[in-house]
Amino acid sequence: MDSKRNLLVVFISAVLGTIMFHNQSPGLNVLVFEVATFVYLLATGQFSFKGKNQITVGLALLVTAFATVLTHSKYSMWVNLLVFFAFIGVVIYPQAKSLTTALGLAGANVARAQQRFFNTLSDSRLSGKSLNARF
């Protein structure tokens, strides 16, 4: 996927996420946001059910998202967040041998993603004008 399309997806996700979660309690919003993310990654081929880690973490994400809606407990929300991180780790590196490795990769990606986002943003052009901002 090209960087302009990625940048657009990030901006749309950020706006929708902000609208969905601002002054709202998690629950149905988490389910909608995670299912949309899941479907998008499946549709673009960035995630597939090809290995035991992918199957495990994909199903666990959907189950914990539904559990968050049904139970609305802090425990289910934390478990869902942990599973979401593992899911992102598996998306980043599908060949990960363990879910612990996937969690570590997701954590490392949180820091690197910020830098890559700002680098992509500064290298982008909007209507022929550079968005070169120093971050």
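I shall go from the overall architecture to individual helices and then to a few single residues.

This is a predicted model, in which local features need pLDDT of at least 70 and side-chain atom pairs count only at pLDDT 80 or more, while totals for chains, interfaces and linings use all residues. Residues are numbered from 1 along each chain as its sequence is written, and side-chain values use heavy atoms, with hydrogens and water left out.

Let me start with the architecture. The protein contains five helices and two strands; here helices (H or I, at least four residues) and strands (E, at least two) are DSSP runs, numbered from the N terminus. Along the sequence the order is α-α-α-α-α-β-β. The protein has 135 residues, of which 26% count as buried. For accessibility, buried means under 20% relative accessible area, exposed over 50%, and partly exposed in between, with a 1.4 Å probe and protein chains only. Among contacts with a separation of 6 or more, 46% come from residues 24 or more positions apart, contact meaning heavy atoms within 4.5 Å.

I turn now to helix α2, residues 28–43. Its 16 residues reach 22 Å from first to last C-alpha, close to the 22 Å expected at 1.5 Å a residue; the expected span is 1.5 Å times one less than the number of residues. Buried in α2 are Asn29, Val30, Leu31, Glu34, Phe38 and Leu41. Asparagine 29 has a relative accessible area of 18% and is therefore buried. Leaving aside neighbours within four places in sequence, asparagine 29 is in contact with Met20, Phe21 and Gln24. Just after α2, glycine 45 takes a positive phi of about 80°.

How do α2 and α4 pack, and at what angle? Helix α2 packs with helix α4, residues 74–92, at about 10°, and the axes are 13 Å apart. Axes are lines fitted to C-alpha atoms, for helices over the stretch in contact, and angles run from 0 to 180 degrees between N-to-C directions. The two helices are therefore roughly parallel to each other; angles under 35 degrees count as roughly parallel, over 145 as roughly antiparallel, 65 to 115 as roughly perpendicular and the rest as oblique. On α2, the contact is made by Val30, Glu34, Thr37, Phe38 and Leu41, and on α4 by Asn80, Phe84, Phe87 and Val91. By class, this contact has six nonpolar, two polar and one charged residues. Ala, Val, Leu, Ile, Met, Phe, Trp, Tyr, Cys and Pro count as nonpolar, Asp, Glu, Lys and Arg as charged, and the others, Gly among them, as polar.

Next comes helix α3, residues 52–71. At 1.5 Å a residue its 20 residues should span 28 Å, and the end C-alpha atoms are 27 Å apart, which agrees. Its buried residues include Asn53, Val57, Leu61 and Thr68. Seen down the axis, the buried residues of α3 fall within an arc of 135°, so they line one face of the helix; the arc is that of the directions from the helix axis to the C-beta atoms. On the other side of α3, Lys52, Val63 and Leu70 are exposed.

Finally, two residues that follow α3. Histidine 72, in the loop between α3 and α4, has a positive phi of about 50° although it is not a glycine. Histidine 72 counts as partly exposed, at 41% relative accessibility. Serine 76 lies in helix α4 and is buried, with a relative accessible area of 8%. Not counting residues up to four places away in sequence, serine 76 touches Ala67, Thr68 and Thr71.
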